[in-house]
Amino acid sequence: MDTPVPPRAAAPAPRRRDRHGRGMRGPVAPPQVPLSASRAEVFADLVQDSVERLERRWPQLADIDFLVLEVPRLDGPGAGWSDEAVPLGGTVPARDGRHARVVVYRRPVEIRTKGRDERAALVHEVVVEQVAELLGLTPETVDPRYGED
């Protein structure tokens, strides 16, 4: 007698364990834990914290775009670094209907710092210096605590 063969499942059931019986591998940390944030995301957060600190005192900073780039660009063909140090930040003045920009270069800042606190202090220093340049003020005027750290 012929016995009917049960139909095959449309999709295989999820595996409960790997072939060694240890269970499924998953992420080391859930996404909401800071451990899972990339270095670039953590650095962008440091810049944002610094900007928010300054915006309380200088509301006109809302009209300035703050950017994080990996490294500074060399402009023009054949351009190379001279004896000058690699810049940590830069400014782009407002023009053609675009907002002014402050740029912080992530890799040069990371190379010059050892820990998160030191990196946060240097990021804030760079942001203050660049904002001061855009506003035509001294860094001490932009942030009275500049240079105290």
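Before we look at the model, one term: a crossing of two helices is called left-handed if the near helix is turned anticlockwise from the far one by less than a right angle, and right-handed if clockwise. What you see above is a predicted model, in which local features need pLDDT of at least 70 and side-chain atom pairs count only at pLDDT 80 or more, while totals for chains, interfaces and linings use all residues. Residues are numbered from 1 along each chain as its sequence is written, and side-chain values use heavy atoms, with hydrogens and water left out.

Let me start with the overall layout. The protein has four helices and three strands, and along the sequence these follow the pattern α-β-β-β-α-α-α; helices (H or I, at least four residues) and strands (E, at least two) are DSSP runs, numbered from the N terminus. Of the 149 residues, 24% are buried, where buried means under 20% relative accessible area, exposed means over 50%, and partly exposed lies in between, using a 1.4 Å probe and protein chains only.

Now to the sheet. The three strands form an open sheet in the order E1-E3-E2, with mixed pairing, and two strands are said to pair if DSSP finds at least two bridges between them. Strand E1 (64–69) and strand E2 (89–92) stand at the edges with a single partner strand each, so one side of each has no neighbour in the sheet. E2 pairs with strand E3 (residues 100–105) in the antiparallel sense over four bridges, and Thr 91 has Val 102 in E3 as its bridge partner.

Which helix lies across E1 and E3? That is H1, which runs at about 155 degrees to E1; axes here are lines fitted to C-alpha atoms, for helices over the stretch in contact, and angles run from 0 to 180 degrees between N-to-C directions. Ala 40 is found in this helix, H1 (residues 39–55), and is partly exposed, with a relative accessible area of 33%.

Finally, the helix pair. H1 and helix H3 (residues 116–135) pack at an angle of about 50 degrees, with their axes 9 Å apart. They are therefore oblique to each other, since angles under 35 degrees count as roughly parallel, over 145 as roughly antiparallel, 65 to 115 as roughly perpendicular and the rest as oblique. The crossing of H1 and H3 is right-handed, and the residues making the contact (heavy atoms within 4.5 Å) include Phe 43 and Leu 46 of H1 and Val 123 and Val 127 of H3.
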